[in-house]
Amino acid sequence: MTSRHKDGADYVLTAKGLTKVFGGIRAVDNVDLSVRRNTIHALIGPNGAGKTTCFNLLSKFLTPSSGTIKYEGQDVTALPPATIARQGMVRSFQISAVFASMSVLENVRLALQRRVHGPSFDFWRSVKCLHALEDEAVSLLEEVGLADFLHARAADLPYGRKRALEIATTLALDPQLLLLDEPLAGMGQEDIGRTSDLIKRVAQTRTVLMVEHNLSVVATLSDQITVLARGAVLAEGDYAAVSQNPAVVEAYIGEPHDTYD
Amino acid sequence: MTQQTESTTPAQTQNKSSGRNRTTRHHMIAFGLIAAFVVIAPQFLYPVFVMKLLCFALFAMAFNLMLGFGGLLSFGHAAFFGGAAYAAGHAAKVWGWPPELAIAFAVLVGAAMGAAFGFVAIKSRGIYFAMITLAFAQMVYFYALQSPVTGGEDGLQSIPRNSLFGLVDLSSDGAFYWLVAVIFMIGILFVYRVIHSPFGEVLKGIRENEQRMISLGYQVQRYKLVTFIISAALSGLAGGTKALVFHLASLVDVHWTMSGEVVLMTLIGGMGTIFGPIIGAGVIVAMQNYLADLGSLVLIVQGLVFIVCVLTFREGIIGVLAKWLKTRL
């Protein structure tokens, strides 16, 4: 299942020559990206850099105009998003994607149901058979600090807790690779700290690829950073290397000061 | 509801399970009331009228499964209702089948049509889905209009009810009523189970956030297709039963106004609720029956009721009732 490259590194996800054209505009232009196993890889860039498009390509919610995507050595370029999700590559969304009118517990249970019961159409069984999943759901929620909110409606959670719920729901699928779309966007300092810790803990046994707007918030979090600008890779490396790169500094000029620290 | 006690605080568990119990209790009461109505109704109402009501209630429940729980507005459900009515009529009249087999055949025809139409329609959404289902239903309508099998403008008339299992004579309305009553109650319980099944949970998830369900690995299109087929099969159950009740399967059953009426019933009663479509069907059928003297003015009254409903209580009659009772119905 693993794919060893010539340099000996172990990559979970590799993209080659990824390109997406929207009516003549190259939103993502010939991007190469390799995500190493058990690392946190951040994809950052200023507004309009194409990071969300790139993310949607990698998570298969968009089809690339050209280029290939390999997950665990297998070409997944043509596979539908639900299929790669079942193979262990699960994404989250920028706008909190919780099931708003369901309880926190039910949100996680719905993900567990898919993993445990598979894609079954059991409309003749009672919903009570799902109660057996609730112990595991509770322990997942404890892991993200939501143990006190089990029966709250997801819609009533504060923003940061919603993100935590979303991560718990994603973790319920026991993914190998988590694709997180701006997991820290719009959070207060306290929530950022808590969610960063959570992502770090999650990444001890899994791989995380996250899109972020701000360079500073991923500074302590990520092992590897890829900076996109105008749809192309501008720089790549760890925080120290990337933040010193003159091209990166220039790309962020015009952005608020705190975006590049 | 007891498995989770160890890991949650007692207060929360109590809260949650009492909430669950309370809703379940309300549902049981509602079932009791409906069952009581079904048993007592023929004492003070004309049995054929009650049978009509039960058939349409079943039809509206089937439709609601699609709209309220699948989130898809079909504008062609008359095809399943009417198509199945012709199927049951043909089976009973030409092949001489007993009612249980004729109705089972109607369910199969409904399901098969649902599978065929759904396979194509499910790929589109919103207004396009409504238009494609309407187009299919119009094709069925014109087939029924032209084909000798369906009797053209005359439809299939004097469809016999035959004997249940070839033994019990059901030619009297009083006797046939009980078969319809049993079919109706089984229909409600079936819908209730579908909604409260693991499958039903997936439907709720799709209704709330389809993209997220895809990212969790659910094959959303397949769930929609299965829902469409279940809904079509139940519509077939309603249509087939109706054909035997009235001894008639006609163009009215496959006409697009029938598709419109079932939308009306569902919205007035409360879409996405369990009992709403039953109430909605009751309101519409009762209006058609008791205001029959007004002639075509009935349509204007229906229209006004619909406008008032949509403007003042969008959750439908049952939605408002549920709010008062602080429960889910």
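**A predicted two-chain model, from overall fold to local detail**

Chain B has a mean pLDDT of 86, and 94% of its residues reach 70 or more; pLDDT is the predictor's confidence in each residue, from 0 to 100. This is a predicted model, in which local features need pLDDT of at least 70, side-chain atom pairs count only at pLDDT 80 or more, and totals for chains, interfaces and linings use all residues. Residues are numbered from 1 along each chain as its sequence is written, while chains are lettered from A and ligands numbered from 1 in the order in which they are written. The scores of the model are ipTM 0.80 and pTM 0.84. Over residues 1-14 of chain B pLDDT stays under 50, and the model has 19 contacts beyond four places in sequence for that stretch. A contact here joins two residues whose C-beta atoms, placed from the backbone, lie within 7 Å. Where pLDDT is low, the predicted coordinates should not be read in detail.

The secondary structure of chain A comprises nine helices and eleven strands; helices (H or I, at least four residues) and strands (E, at least two) are DSSP runs, numbered from the N terminus. Its radius of gyration is 19 Å, close to the 18 Å that the globule rule gives for 261 residues, so chain A is as compact as a globular protein of that length. The radius is taken over C-alpha atoms, and the globule rule is 2.2 Å times the number of residues to the power 0.38. The C-alpha atoms of chain A fill a box of roughly 60 × 40 × 40 Å along the principal axes. Of its 261 residues, 47% count as buried, a class that requires 20 or more other C-beta atoms within 10 Å of a residue's own, whereas exposed residues have 12 or fewer and partly exposed ones lie in between, with C-beta atoms placed from the backbone. Among contacts in chain A with a separation of 6 or more, 68% involve residues 24 or more positions apart.

Chain B contains 14 helices and two strands. For its 329 residues, a compact globule would have a radius of gyration near 20 Å, and the 20 Å of chain B agrees. The C-alpha atoms of chain B occupy a box of roughly 65 × 45 × 45 Å, taken along the principal axes, and 49% of the residues of chain B are buried. Of the contacts in chain B between residues at least 6 apart in sequence, 77% join residues at least 24 apart. B:R22 lies in helix 1 (residues 10-44) of chain B and is partly exposed, with 14 other C-beta atoms within 10 Å.

The contact between the chains takes 36 residues from chain A and 29 residues from chain B. On the side of chain A that touches chain B, the elements giving two or more residues are helix 2 (81-86), strand 7 (89-91), helix 3 (104-117) and helix 4 (134-143) of chain A. Helix 3 of chain A provides the largest share of that side, five residues. By type, the residues of this side are 22 nonpolar, seven polar and seven charged; Ala, Val, Leu, Ile, Met, Phe, Trp, Tyr, Cys and Pro count as nonpolar, Asp, Glu, Lys and Arg as charged, and the others, Gly among them, as polar.

Within chain B, helix 2 (residues 47-69) and helix 9 (residues 220-246) pack at an angle of about 170°, with their axes 9 Å apart. Helix 2 of chain B is therefore roughly antiparallel to helix 9 of chain B. The residues of their contact divide into 17 nonpolar, four polar and two charged.

Methods:
Axes fitted to C-alpha atoms, helices over the stretch in contact; angles between N-to-C directions. Parallel < 35°, antiparallel > 145°, perpendicular 65-115°, else oblique.
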